[in-house]
Amino acid sequence: MKSFAIVTDSSCDLPVHLAKEIELTVLPLAFLMKGKEYYNYLDEHELSFQEFYANLRAGELCTTSAVNVDAFTTAMEPLLRMGQDVLCIAFSSGLSNTCNAALLAVEELSKKYPERKIYAVDSLCASLGQGLLVYLAAQEREAGKNIDEVRAWLESNKLRLCHWFTVEDLHFLKRGGRISATTALVGSMLSIKPVMHMDNAGHLVNVSKTRGRRASLNALVDRMEELAIDPQNQTVFISHGDSLEDAQYVAEQVRQRLGVKKPVTINYVGPVIGAHSGPGTIALFFLGKER
């Protein structure tokens, strides 16, 4: 048994083997597609990510919903009964009500188990950015830090967790209200690709634009070159919206241009984020001087 339990939600988009390796408890967010509700499990056992993106490409609509208070309480209470303290690292409050539900569950459980330490941290992260933050927190635990020390590490480092991403189809950003219909139409005609990131409030914001897909992928690596601290020894994660070859291209550029030595983890953007960013999304995550 670990010194304390780490709980998160499926917006973390971690490969299932990695989540098991660091002994995470992962609560699934839900999404609705073709009139049916699915849960975003990391192992894809309700709907594969490949099929999810095929549905999006075919024009199917998808809506998502947060993890509720009862789900957090149900997941955390057995851990507390076993005598473990619990650290919950939640999906950005700037994008979802999931974090608020986690905070309410912690407040409720703290009254019931006053002898235990129960914390919820707003990651201000999403997708494998959240996953990388959770993974690094687990490494701090493995290094012998206690729950209070890891919580302090998270608060000190979460705004250095850089999220840089681009999308293939602007119409998904339009649907989510990120850009106007005119911008989406003109941008698509001119092959304009946005370069976006997660700001300090945990919101997705447009930073710049490029002409063409390859230029947008290179722009992600440019940002890492500009911001990364000690890139050669970084743990780097890349997520993709069913666009593995482009993710592999970015990974190769990171290795060549920045000398990253550790294996680069690549995984899908899960349905919760993918419903809003669309097929072809590519996102690069690393620790930097700032976001």
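Which residues in α9 meet which residues in α10? The close-up views below take up this question and several others. This is a predicted model, in which local features need pLDDT of at least 70 and side-chain atom pairs count only at pLDDT 80 or more, while totals for chains, interfaces and linings use all residues. Residues are numbered from 1 along each chain as its sequence is written, and side-chain values use heavy atoms, with hydrogens and water left out.

**View 1. Helices α9 and α10 pack together at about 40°.** Helices here are DSSP runs (H or I, at least four residues), and strands are runs of E (at least two), numbered from the N terminus. The axes of α9 and α10 (residues 244-258) are 10 Å apart; each axis is a line fitted to C-alpha atoms over the stretch in contact, and angles run from 0 to 180 degrees between N-to-C directions. That makes α9 oblique to α10: angles under 35 degrees count as roughly parallel, over 145 as roughly antiparallel, 65 to 115 as roughly perpendicular and the rest as oblique. Arg-213, Arg-214, Leu-217, Asn-218, Val-221, Asp-222, Met-224 and Glu-225 of α9 meet Asp-246, Tyr-249, Val-250, Gln-253, Val-254, Arg-257 and Leu-258 of α10, where contact means heavy atoms within 4.5 Å. Sorted by class, seven of these residues are nonpolar, two polar and six charged.

**View 2. Helices α3 and α4 cross at roughly 45°.** Here the axes of α3 (residues 69-81) and α4 (residues 98-112) come within 8 Å, and the two helices are therefore oblique to each other. From α3, the contact is made by Val-69, Phe-72, Thr-73, Met-76, Glu-77 and Leu-80. The partners in α4 include Ala-101, Ala-105, Val-106 and Leu-109. The residues of this contact divide into ten nonpolar, two polar and three charged.

**View 3. The largest nonpolar core has 39 residues.** A nonpolar core is a set of buried Ala, Val, Leu, Ile, Met, Phe, Trp, Tyr and Cys residues joined through side-chain atoms within 4.5 Å. Buried means under 20% relative accessible area, exposed over 50%, and partly exposed in between (1.4 Å probe, protein chains only). Met-33, Phe-52, Phe-72, Met-76 and Val-86 touch the most other members. Among the elements giving two or more residues are β1 (5-9), β3 (30-33) and α11 (271-277), and the largest share, six residues, comes from α4. Take a look at Met-76: leaving aside neighbours within four places in sequence, Met-76 is in contact with Val-7, Val-86, Cys-88, Ala-105, Val-106 and Leu-109. Apart from this core lies another, of 34 residues, among them Val-121, Leu-132, Val-134 and Leu-287.

**View 4. Ser-65 sits in strand β5 (residues 62-65).** With a relative accessible area of 33%, Ser-65 is partly exposed.

**View 5. Glu-44 and Asp-230 have positive phi values.** Phi of Glu-44 is near 60°, and this residue is found in the loop between β4 (36-39) and α2 (49-57). Asp-230 has a phi of about 50° although it is not a glycine. The loop that holds Asp-230 runs between α9 (213-227) and β11 (237-240). Glu-44 counts as partly exposed at 28% relative accessibility, and Asp-230 counts as partly exposed at 45%.

Methods: Nonpolar A, V, L, I, M, F, W, Y, C, P; charged D, E, K, R; others polar.
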